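Me: I would like to go through this structure and ask where each label comes from. Please set the values against the cut-offs.

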Amino acid sequence: MPDAEKPAENPSKGATSGRHPWYADGTPSAVYAIIKRYREEATDDREPGARAGLLYEIGRLFEEHLGDARQAEAHYREALSAFANHVPSLRALRRQALERRGYSQALELLDREIAVTRDARSLAALRRERALLLEHHLGRSEEARTELVQAHALDPDDGMALRALAAAARRARDWPALRDAL
């Protein structure tokens with residue numbers, strides 16, 4: 001293709017777009033080299049949050065680049081051992097639990113994230129997610145409705161929570177609650 005017809009290369013992405021910035025070939029040996037380096041840096045004497053971040057990154061590399069969900073899970077769990085409130089690890093483990101249809105485990109991990117979340121909008125979104133999990137996967141409709149009420153109270157502008165609350169009231173044939181939601 002003549003130079004004039006070549007698409008302009010995005011200098012911020014470079015030729016290795018989509019790959020970890022520390023390697024260019026994307027081979028498993030390159031990924032293992034990064035994992036080894038992170039493992040060397042993730043010592044017990046390191047600050048717990050930083051150690052958890054490195055262990056999480058090791059897990060992410062195992063999962064996303066090597067396709068090893070078991071090793072990824074082990075590293076996400078180790079990150080939580082280093083720092084119990086490491087939100088990225090809680091989310092990764094919750095995602096894995098949902099993929100395995102481990103809904104009770106996902107609920108436990110979601111509860112842990114809810115316990116450390118302070119921002120009202122973020123908390124409302126987590127409560128809404130909890131409601132969906134409770135109702136659609138665990139069959140606990142009344143608890144789900146309570147979560148939706150809390151989500152709506154935390155963020156009254158959250159249209160998704162309001163719609164979900166109205167739908168839950170309609171399914172329960174709770175006409176006063178439906179009227180209040182609308």
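Reply: Start with Ile 35, which touches Ile 58, Leu 61, Phe 62 and Leu 66, leaving aside residues up to four places away in sequence. Contact here means heavy atoms within 4.5 Å. This is a predicted model, where local features need pLDDT of at least 70 and side-chain atom pairs count only at pLDDT 80 or more, while totals for chains, interfaces and linings use all residues. Residues are numbered from 1 along each chain as its sequence is written, and side-chain values use heavy atoms, without hydrogens and water.

Me: What makes a set of residues a nonpolar core?

Reply: The residues must be buried Ala, Val, Leu, Ile, Met, Phe, Trp, Tyr or Cys, joined through side-chain atoms within 4.5 Å. The largest such core has 21 residues, and Ile 35, Tyr 38, Leu 55, Ile 58, Leu 61 and Tyr 76 have the most contacts inside it. H1, H2, H3 and H4 each give it two or more residues; the largest share, seven residues, comes from H2. Helices are DSSP runs (H or I, at least four residues), and strands are runs of E (at least two), numbered from the N terminus. A second, separate core has 16 residues, including Leu 126, Leu 134, Leu 148 and Ala 164.

Me: Why is Phe 62 called buried?

Reply: Buried means under 20% relative accessible area, exposed over 50%, and partly exposed in between (1.4 Å probe, protein chains only). Phe 62 has 7%, so the residue is buried. Tyr 32, at 44%, therefore counts as partly exposed.

Me: Why is the pair of Tyr 32 and Phe 62 called edge-to-face?

Reply: Rings of Phe, Tyr and Trp (its six-membered ring) pair if their centres lie within 6.5 Å; planes under 30 degrees apart count as stacked, over 60 as edge-to-face and the rest as tilted. By this rule there are two aromatic pairs. In the pair of Tyr 32 and Phe 62, the centres are 6.2 Å apart and the planes lie at 70°, so the label is edge-to-face. Tyr 32 is in helix H1 (residues 28-41) and Phe 62 in helix H2 (residues 48-66), 30 residues apart, so the pair links distant parts of the chain.

Me: Why does Arg 101 count as exposed?

Reply: The relative accessibility of Arg 101 is 63%, so the residue counts as exposed. Arg 101 is in the loop between H4 and helix H5 (103-116). Its phi is near 65°, a positive value in a residue other than glycine.
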